[in-house]
Amino acid sequence: MKYERSSALFDEAYRYIPGGVNSPVRVFKSVGGVPVFMKSAKGAYMKDVDDNTYIDYINSWGPAILGHTHPEVLEAIKKQAENGFSYGTPTELETEIAKFIVENVPNIDQIRMVSSGTEACMSAIRLARGYTQRDKIIKFEGCYHGHSDSFLIKAGSGAATFGNPNSPGVTAGTAKDTLLARYNDVEQVEDLFRHNQGEIAAIIIEPVAGNMGCVLPQNDFLQKLRKLCDENGALLIFDEVMTGFRLAFGGAQEVYGVKADLVTFGKVIGGGLPVGAFAGRNEIMDHLAPKGAVYQAGTLSGNPLAMRAGLTTLQLIKNDANFYQNINKTAETLDFGIGKILNEKNIQHVINRKGSMMSVFFHISSVSNFDEAAEANHSLFNNFFHQLLKNGIYLPPSGYETWFISDAIKQTELEKTLEVLRKFEYSNL
Ligand SMILES: *Cc1c(COP(=O)(O)O)cnc(C)c1O
């Protein structure tokens, strides 16, 4: 494959955009090479500016769960666009999507829309602090909750990829209120509660972590966190920006049967347009402005184009009774297929998967927290990434990221992917 035009565009972007990209993981800093510039995407495929096509296993980092440019979502956006892009006034559509989500997700009465997952998590934490009148929060190493100050402490995703999970610019004052624990380590959380009695507002967690690669909660970890929160008067916040409407319609709350006090959303609920949201019971959500005193706002919050794209996406999922069954089956086929091939080639690895989220880690036998994710052989992943890329298969460009399977990926794409894997020069890995 040739990447001439991508190369030229990257050189030019580099002059005008910091690092050439508007979000750090898009650059191939971890895997090496020049980032590929895309120009179009449809269904399971993306096409780059040099006319190479790829089967897409990122799907915009999760939002494109139906595959790209679904015809009904496209039609809905076009129709809304005819009536205006944004009004800065309430619209009926906002209530329609709020009602739809509240009726379909467990344990929430009200939902507030924002424009990104970052905003959703930042606002949820402020609300938790305002509601409990406490300052401290617990987060887990390797979890990513967007780039607001409180969360850039041992953060995952790009922060982990670039090896500086603590960002300069976060003040010591802010950092001291973020307490850290190891994912899946309930004793550490107990210790934190013991040493900070009456001071912890909330635990925030990715109920299935996706930003240190895919890491699953083990041994009733989520249930135990629920119990600790109850005993200590703290709120449990599920960051379902990735898992919401991906693992199930009711997200991780439904899959694991654990109630969260606040839930944040993003990615899938925008159907590819910029949307985030946070939701909870009335008694908590009533503390938000304008009804309550905790301030939060947004010029483009509830933007009609974004709401229409999101609602149409959610309705399409809802109307397909076998949606999750099918997409999970696709991911399972990929998981088992890759596992079989790597075993045949004697390559030690572990595949972590929940539903349609998965990651492959090399030269390690299990990954249940950030330290183990970091111990995996990432240079081998980088090699794996490039071998797939040059054969028209697009993975996230970092071993600390999750692959997102879309409903547009079918037997043809799976066979092509496994075929490429079988032909690998494993001596290079
Ligand atoms: C992507 C992500 C975010 C941040 O969302 P943005 O829309 O990128 O701001 C927050 N939490 C989780 C779990 C995410 O995966």
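Which side chain has an N or O atom 2.6 Å from an oxygen atom of the ligand? K267 does, through an N or O atom of its side chain. This is a predicted model, in which local features need pLDDT of at least 70 and side-chain atom pairs count only at pLDDT 80 or more, while totals for chains, interfaces and linings use all residues. Residues are numbered from 1 along each chain as its sequence is written, and side-chain values use heavy atoms, leaving out hydrogens and water.

Let's stay with the ligand. T118 has a polar side-chain atom 2.6 Å from an oxygen atom of the ligand, and D239 places one 2.6 Å from a nitrogen atom of the ligand. The protein covers 84% of the 380 Å² of accessible area that the ligand has on its own (areas come from the Shrake-Rupley method with a 1.4 Å probe).

Next, find the open sheet, whose four strands run in the order β1-β2-β3-β13 with mixed pairing. Strands here are DSSP runs of E with at least two residues, numbered from the N terminus, and two of them pair if DSSP finds at least two bridges between them. At the edges, β1 (38–42) and β13 (393–394) each pair on one side only. Inside, β2 (residues 45–48) and β3 (residues 53–56) are antiparallel and share three bridges.

Notes:
Polar contact = N/O pair within 3.5 Å; in protein donor to acceptor, adjacent residues only side chain to side chain.
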